[in-house]
Amino acid sequence: MKTKRKLSSPLTWLFLLLAVQIPFTAFAAGGDKKLEVFSWWTSGGEAAALDALFQVYGKADPGVEIINATVAGGGGSAARPVLQARLAGGNPPDTWQAHPGWELLGQYVEANYCAPITELYKSEGWDKVVPKTLTDLLSKDQQIYGVLVGVHRGNVLWYNKKLLQKHGINVGDKMTMEEFFAAADKLKAAGITPLAVGDSGIWASAQIFENVLLATVGPKGWNDLFNGKMSWEDPKVKKAAETYAKILEYQNTDHSALSWDQAVKAMTEGRCAFTTMGDWTYGELAKAKLKDNEDFGWVSFPGTDGTFIFVADGFTLAKGAPHEKECIEWLKVCGSKEGQEAFNVLKGSIPARTDADKSKFGPYLNWSMRSFANDELVPTCVHGSAAPASFQQALNDAVTSFVVNKEVNSFVKALTQAAKDADMTK
Amino acid sequence: VKRSASLGDAKARFEHLPRRSSAPVDSEGSLTPVGRMRARWRQLTQRALPPLIVTPAMIAIIVFVYAFIALTIWVSLSKWGSLRMDLDLREPFGITYQQMFAMPRWHANLRNVFVFTTLFLTSSIGFGLVLAILLDRKLIGHSILRNLFLFPYALSFIVTGIAWRWIFNPETGINLLFDGLGINHLITSMGGQPLKPGWTTDPAVLFSLNDWLGGIFPALKTASIQWGIPLALIPVVVAATWQLAGFAMAMYIAGMATISDELKEAARIDGANDFQIYTKIVLPLLHPITVSTAIIIGHVSLKIFDLIFAMTGSGPGFATDVPGIFVFDQTFKATRYNLGAAASVVMLILVSLIIVPYLWSNLRKR
């Protein structure tokens, strides 16, 4: 009697049903063609751009179910721990988003998580259209380990055009640091905060220092610093820190409560005049329906004209990828002209190849594409290309302290120590 | 050994009883072979069962707690500083700890965790006690109020952190009240500056020891950080207290329920007033409750991560940075697994400093 009553209870039947169901659904999911893409592109423009890329892929390799494994969080702060756990656990996604340089080579390739895709560069003709500076940062021992989909420019100074006109400030096609300080003084005297900063994520401030550093040491000094030929105790680095300390006097007081996009909003709404940030800013400006050269203007960060700090995004091929064939098709789409054009128009970046159709892009992106084709290209440190993650973190930490105490000596000392610990001379 | 004493007592109590009811006996009163076997079997199961039940849990704890503590200590001494695992010992021995204790950020962490724990413990226990006494006075609606005060404890720290981040945002939060209620109007009309605190964005350090004691300890003058109370930590303490004062209150209410009314009445007959009853009778009797609450809140405080991560992050100039965030940053962002492990080991030691004496005294009492 007892068992009978138990069996007839609806809850028991529900459990039994579920128990039968689970193996079936597991089998159903296992069979078809699939591709798992891991990224941290979840916000408006980014998600739309990734989706456009998926659509191009859907045409090229129909019938594949795409698993869009995104983990939200700016700059991948939340995504990376998840990815690391999956890689270490031997359960990699087929392909994941990575910055070229140290992040790709030092973390993933070095630890043997990536498979080379060198042949694709020849068969797809990428070796002719992708700048060598970029492919070098994807290569180790003559093998290439990733394909770039888009490139952002890090050293851009954005300004509220109408506000500057109102105060009689004209910005030409380039700007020196002196001109910037003169304009900033004028604005400050008129009661306007010159520079909008949102460093609730401290990398936003680290990026300002990165720009000032480039302005002070130049592209050659930049490369020397990061390959160990120049010491971080060099007087030029100290001078960059001093200039940065001066810039701090002109920024908004509530910077640590704002995120970078809120700072951009402070600039467009006229509470501040300038903001300096990579050109993912352009996505925010486009979203707010503001017009290039009308509502806002831009110029290379003061003193960095002729150099392009690139913040590039690429995809990898996992070693032992569960769906290798599909993943290679995916990488072909990522590197293709069609795929990059569809992706970058929405992302607010430019294609990583030099033969893209310029007419599809707006005035700012055309300016950036010209700069990309003609200027000296240097890798970003703040976004993980020029230096190992440990140095990147140490720079963030040093900037966190410096923004408050403005002590040049301890700042430089911390960076020197970090460069030594990270062993960047390799 | 002492813990199993009660079990032994129980056994002793039953051993003298004749086993007629369960074990078959022959006419002379001694056990038949079958009966002997059954008795032995029962004895065996009685002895073997408790260890059998406990063993799986013991194994799980040994593997997932103690083995991983040992592994973490090993990692903290290893060369594992990138995504590739490298468990070789790093030379010279303990260099990772040495580097960590030279980092200004770590100094700020130790300062913050000390300041935060002190302020948070006193305020949450203080508020909890006051609330418990007020509710003990049987105010109108005390049963509703009791639940109301306990509700925040049901939230997760992440929710609390985000809500309080909005409240303490200098542009859109509580500062609008100063304008809206006319407080700032009043101040400016009297010729003062309008109130506009930066709250969590303010990097200032109150009561800095560096200047005060700099004359006595010259090392303090050149210290890498300001030793004092970081202003940005205060809003975090407020948020944490809001969440856990209700818990402390519940502990005290439970404690007060065990104090018999006769004691209070006897005191009242002897002429004690309400204040004296609380300070002389109730509070001393609540001492064990205070200790337990302090231990529980203290170890929450030392390990705190989620509340601060959601509310302020590292804060301006590491004003609200704590070891938990340090571990997360160094392990997963900088991929310095050895450094993250070293910080975890120090956190473990800090928590043990609180927990172990408590457990020790509890064991001694038994």
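Modeller: Happy to! This is a predicted model, and chain A has an average pLDDT of 88, with 92% of its residues scoring at least 70.

Colleague: Where in chain A is the pLDDT below 50?

Modeller: Residues 1-7 of chain A are one such stretch, and beyond near neighbours in sequence they have 4 contacts in the model. Residues 18-31 of chain A are also below 50, with 1 contact beyond near neighbours in sequence.

Colleague: How should I read places like that?

Modeller: Where pLDDT is low, the predicted coordinates should not be read in detail.

Colleague: Okay, new topic. How many residues are in the largest nonpolar core?

Modeller: That core has 82 residues, and A:W96, A:V151, A:W158, A:F315 and A:W330 have the most contacts inside it. Helix α3 of chain A, residues 44-60, gives the most to this core, with 6 residues. Another core, of 61 residues, lies apart from it and includes A:I169, A:I192, A:A273 and A:V378.

Colleague: Now chain B. How far does helix α2 reach?

Modeller: Helix α2 of chain B covers residues 33-76, 44 residues in total, and it spans 61 Å from first C-alpha to last. That is close to the 64 Å expected at 1.5 Å a residue.

Colleague: And where is the kink in α2(B)?

Modeller: At B:T55, shortly before the proline B:P56, and the kink is about 40 degrees.

Colleague: Which residues of that helix are buried?

Modeller: In α2(B), they are B:G35, B:A39, B:V75 and B:S76.

Methods
Residues numbered from 1 in each chain as written. Chains lettered and ligands numbered in written order. Predicted model: local features only at pLDDT ≥ 70, side-chain atom pairs only at ≥ 80, totals over all residues. Heavy atoms only, no water. Helix = DSSP H or I, 4+ residues; strand = E, 2+ residues; numbered from the N terminus. Expected span 1.5 Å × (residues − 1). Bend = angle between axes of the 7 residues up to and from the residue. Buried < 20%, exposed > 50% of the residue type's maximum accessible area, 1.4 Å probe, protein only. Core = buried A, V, L, I, M, F, W, Y, C linked by side-chain atoms within 4.5 Å. pLDDT = per-residue confidence, 0-100. Contact = heavy atoms within 4.5 Å.
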